[in-house]
Amino acid sequence: MAAGTAEIREDTRTRLLTTALRLFTEHGVEGTSLQMIADALGVTKAAVYYHFKAKDEITEAVAEPGMRELAVLVQEGLKIRRRGAQIDYVLEGFVDLVVRHRALVALFSSDPGIARALERGFHTSVDMKEGLITLFVGEDPDVSGVITAHVLLAGLALTGGAPALAALDDETLRASLLEVGRKLLGRRARRIC
């Protein structure tokens, strides 16, 4: 019985986060209330409070899977010894993450509430932000290298989440983002056999 109860709680939490992301997309974080989330789920506001004590907690939980995936990407990328393979691995992983989390990325570019949640995630892991920069432009990059890394990260994310590109299929978006990322990093385009 306890395992069934835990599964129901997890399913409710998952549905709550999915609903919150949809409402955040429609109304923004600030424009979405806990009552709106409860109403959309067909539960009481108390049921929402059971899982999360504040909207900030929901916002961070919505952003958390992407942040966790990004942290794993950085950790795995840092293990790769060959520089070219390292750059390709992290670039492909970052683009995949952007494409997989398009709705969240779109919110990040347009909604200060999600942006704050993601920034809190970055600040809790300085190694992740520095790791990404190191992976893309190497140890002790010059100013140009740092700017390249920031343009790459922000540009890929903002483009991947751009509402104007929402109708673009994932594979086309992925291929285009990879092509641009390779150009920014001075990498040759990969041949598809």
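Trainee: Among contacts in the chain between residues at least 6 apart in sequence, what percentage join residues at least 24 apart?
Mentor: This is a predicted model. The count takes in contacts between residues at least 6 apart in sequence. Within that set, the share that joins residues at least 24 apart is 68%.

Trainee: How many helices and how many strands does the chain have?
Mentor: Read along the sequence, the pattern is α-α-α-α-α-α-α-α-α-α. The secondary structure therefore comes, by DSSP runs, to 10 helices and zero strands.

Trainee: What percentage of the residues of the chain count as buried?
Mentor: A residue counts as buried under 20% relative accessible area. The chain has 193 residues, and the part that counts as buried is 39%.

Trainee: How do we describe two packed helices, and at what angle do H4 and H5 cross?
Mentor: Two packed helices are described by the angle between their axes and the distance between the axes. The axes of H4 (residues 55-79) and H5 come within 9 Å and cross at roughly 170 degrees. An angle over 145 degrees counts as roughly antiparallel, and that makes H4 roughly antiparallel to H5. The angle asked for is roughly 170 degrees.

Trainee: Which residues in H5 meet H4?
Mentor: From H4, the contact takes in Gly 66, Glu 69, Leu 70, Leu 73, Glu 76, Gly 77 and Leu 78. The residues of this contact divide into seven nonpolar, four polar and three charged. On the H5 side they are Gln 86, Tyr 89, Val 90, Gly 93, Phe 94, Leu 97 and Arg 100.

Trainee: Are H5 and H10 roughly antiparallel or oblique?
Mentor: The axes of H5 (residues 83-100) and H10 (residues 170-184) come within 10 Å and cross at roughly 140 degrees. Roughly antiparallel needs an angle over 145 degrees. The crossing of H5 and H10 is right-handed, and its angle makes H5, relative to H10, oblique.

Trainee: How many residues of the contact of H5 with H10 are charged?
Mentor: In H5 the residues are Asp 88, Leu 91, Glu 92, Val 95, Asp 96, Val 98 and Val 99. They meet Asp 170, Leu 173, Arg 174, Leu 177, Leu 178, Gly 181 and Arg 182 in H10. The contact has seven nonpolar residues and one polar, and the number charged is six.

Trainee: What is the handedness of the crossing of H9 and H10?
Mentor: The axes of H9 and H10 come within 10 Å and cross at roughly 165 degrees. The two helices are therefore roughly antiparallel to each other. Their crossing is right-handed.

Trainee: How many residues of the contact of H9 with H10 are polar?
Mentor: Thr 148, Val 151, Leu 152, Leu 156, Thr 159 and Gly 160 in H9 meet Leu 173, Leu 177, Gly 181 and Leu 184 in H10. Six residues of the contact are nonpolar and no residue is charged, while the number of polar ones is four.

Trainee: Is Arg 102 buried or exposed?
Mentor: Arg 102 is found in H6 (residues 102-110). Not counting residues up to four places away in sequence, Arg 102 touches Gly 160, Gly 161, Leu 165, Ala 166, Leu 168, Asp 169, Asp 170 and Leu 173. Its relative accessibility is 14%, so Arg 102 counts as buried.

Trainee: How far apart in space are Arg 102 and Thr 159, C-alpha to C-alpha?
Mentor: In sequence, Arg 102 and Thr 159 are 57 residues apart. In space, C-alpha to C-alpha, the distance is 9.6 Å.

Trainee: Which residue lies 82 residues along the chain from Pro 112, with C-alpha atoms separated by 8.5 Å?
Mentor: Pro 112 has its place in H7 (residues 112-124). At 48% relative accessibility, Pro 112 counts as partly exposed. The residue 8.5 Å away from Pro 112, C-alpha to C-alpha, is Glu 30.

Trainee: What is the phi of Asp 140?
Mentor: Asp 140 sits in the loop between H8 (126-137) and H9 (143-160). With a relative accessible area of 73%, Asp 140 is exposed. Its phi is a positive value in a residue other than glycine, near 45 degrees.

Conventions: Residues numbered from 1 in each chain as written. Predicted model: local features only at pLDDT ≥ 70, side-chain atom pairs only at ≥ 80, totals over all residues. Heavy atoms only, no water. Axes fitted to C-alpha atoms, helices over the stretch in contact; angles between N-to-C directions. Helix = DSSP H or I, 4+ residues; strand = E, 2+ residues; numbered from the N terminus. Parallel < 35°, antiparallel > 145°, perpendicular 65-115°, else oblique. Left-handed = near helix turned anticlockwise from the far one by under 90°. Contact = heavy atoms within 4.5 Å. Nonpolar A, V, L, I, M, F, W, Y, C, P; charged D, E, K, R; others polar. Buried < 20%, exposed > 50% of the residue type's maximum accessible area, 1.4 Å probe, protein only.
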